[in-house]
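User: I am new to this structure and would like a guided look. Could you show it to me and then take my questions?

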Amino acid sequence: GFYSHCRTTQEDQMNQLWDTESFKSEVRKGDYVAYTMIQCYIKALNLTDVKEQQAQLDNCSADIPTDDLDLTKPSTPAEANTTLLVSDLNDARAVCPAPATTTTTTKTTTAGATAAPTTTAASAFSSKSLISAGWSHSLVIDYGVAYAAGCNNYGQLGVGSTTTEYQFVSVMSAVQAVAAGWYHSLFLTQDGKVHAAGRNYNGELGDGTTSDRQTPVKVLSGAQAVAAGSSHSLILMQDGSV
């Protein structure tokens with residue numbers, strides 16, 4: 001009873017606070033600053049020269065003036081509902097910078113037991129390949145072999161390292177489905193086993209820990225489908241349960 005009363009009182013106070021124009025102005029000011037910084041980081045993401053990119057990122061950290069803003073209403077729809085996180089934008093590119101040159105080398109990995117050949121370009125995959133894309137990494141299944149490429153700062157590629165891969169490398173064989181979250185990956189093998197790799201801050205890998213995994217770890221058996229959100233995972237079991 002007391003807890004319920006206190007909670008209701010706090011909710012009433014928050015509702016009253018939200019109805020004040022000064023509070024709404026501060027929220028809109030924060031939205032504007034976040035939106036402006038996001039646009040700045042996106043501009044940096046599109047730069048290929050590392051030095052130019054770092055200079056742009058430094059500019060993004062500069063104070064953003066808000067004194068002359070019209071805070072009676074949002075300036076753009078994006079400012080009214082900012083869903084991208086500046087920290088994630090910064091993290092994705094700061095840890096996984098663009099290559100200094102366009103030259104790449106072929107690499108083969110045995111992180112997940114596979115005898116599949118390494119593919120050096122996405123165009124080499126068959127027209128029936130299955131794909132899934134995360135925040136800054138991609139997964140592909142081609143003839144049962146899972147491949148990964150892109151940012152690997154949390155080990156989300158599942159190749160046993162945190163090295164960014166600029167071309168697809170093989171991860172596991174006998175795979176029927178993949179799912180990419182923001183920074184984690186799920187691999188469903190043909191025998192119904194689910195393996196997970198990458199960031200595990202919120203326990204999204206489902207292995208009972210919050211430890212990041214650079215190599216796919218088995219988390220479940222008897223699955224028939226997988227799906228990954230930004231920082232959570234869903235698995236459909238063969239008995240119909242989720």
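**Salt bridges and sheets**

Analyst: Arginine 213 and aspartate 207 meet through their side chains in a salt bridge, at 2.8 Å from N to O. A salt bridge here is a side-chain nitrogen of Lys or Arg within 4 Å of a carboxyl oxygen of Asp or Glu. This is a predicted model, in which local features need pLDDT of at least 70 and side-chain atom pairs count only at pLDDT 80 or more, while totals for chains, interfaces and linings use all residues. Residues are numbered from 1 along each chain as its sequence is written, and side-chain values use heavy atoms, with hydrogens and water left out.

User: How many salt bridges does a search of the whole structure find?

Analyst: The search finds two. In the other pair, lysine 193 is joined to aspartate 191, with the closest N and O atoms 3.0 Å apart.

User: How exposed are lysine 193 and aspartate 191?

Analyst: Lysine 193 is partly exposed at 25% relative accessibility, and aspartate 191 is partly exposed at 49%. The cut-offs are under 20% relative accessible area for buried and over 50% for exposed, with partly exposed in between (1.4 Å probe, protein chains only).

User: And arginine 213, what does it count as?

Analyst: Arginine 213 counts as partly exposed, at 27% relative accessibility.

User: Changing topic, how many helices and strands are there?

Analyst: The protein chain has five helices and 10 strands. Both are DSSP runs numbered from the N terminus: helices are H or I with at least four residues, and strands are E with at least two.

User: In what order do strands S5, S6, S7 and S8 sit?

Analyst: The order is S5-S6-S7-S8, in an open sheet with antiparallel pairing. Its edge strands are S5 (175–180) and S8 (213–220), each pairing on one side only. Two strands pair if DSSP finds at least two bridges between them.

User: How many bridges link S5 and S6?

Analyst: S5 and strand S6 (residues 184–189) pair over five bridges, in the antiparallel sense. Threonine 189 in S6 is the bridge partner of valine 175.

User: Which strands form the sheet that contains S1?

Analyst: That open sheet has four strands in the order S1-S2-S3-S4, and the pairing is antiparallel. Strand S1 (130–133) and S4 stand at the edges with a single partner strand each, so one side of each has no neighbour in the sheet.

User: Is S4 mostly covered or mostly exposed?

Analyst: Strand S4 (residues 165–172) is mostly covered, with seven of its eight residues buried.

User: What does S4 share with S3?

Analyst: Strand S3 (residues 145–150) and S4 pair over four bridges in the antiparallel sense. Alanine 146 stands opposite methionine 172 in S4, and valine 169 in S4 is the bridge partner of alanine 148.

User: Now a helix: which residues of H3 are buried?

Analyst: In helix H3 (residues 50–60), the buried residues are Gln53, Gln56, Leu57 and Cys60. Seen down the axis of H3, these fall within an arc of 100°, so they line one face of the helix. The arc is that of the directions from the helix axis to the C-beta atoms.

User: What lies on the face turned away?

Analyst: That face of H3 carries the exposed residues Lys51 and Asn59.

User: Finally, what share of the whole chain is buried?

Analyst: Buried residues make up 37% of the 242 residues in the protein chain.
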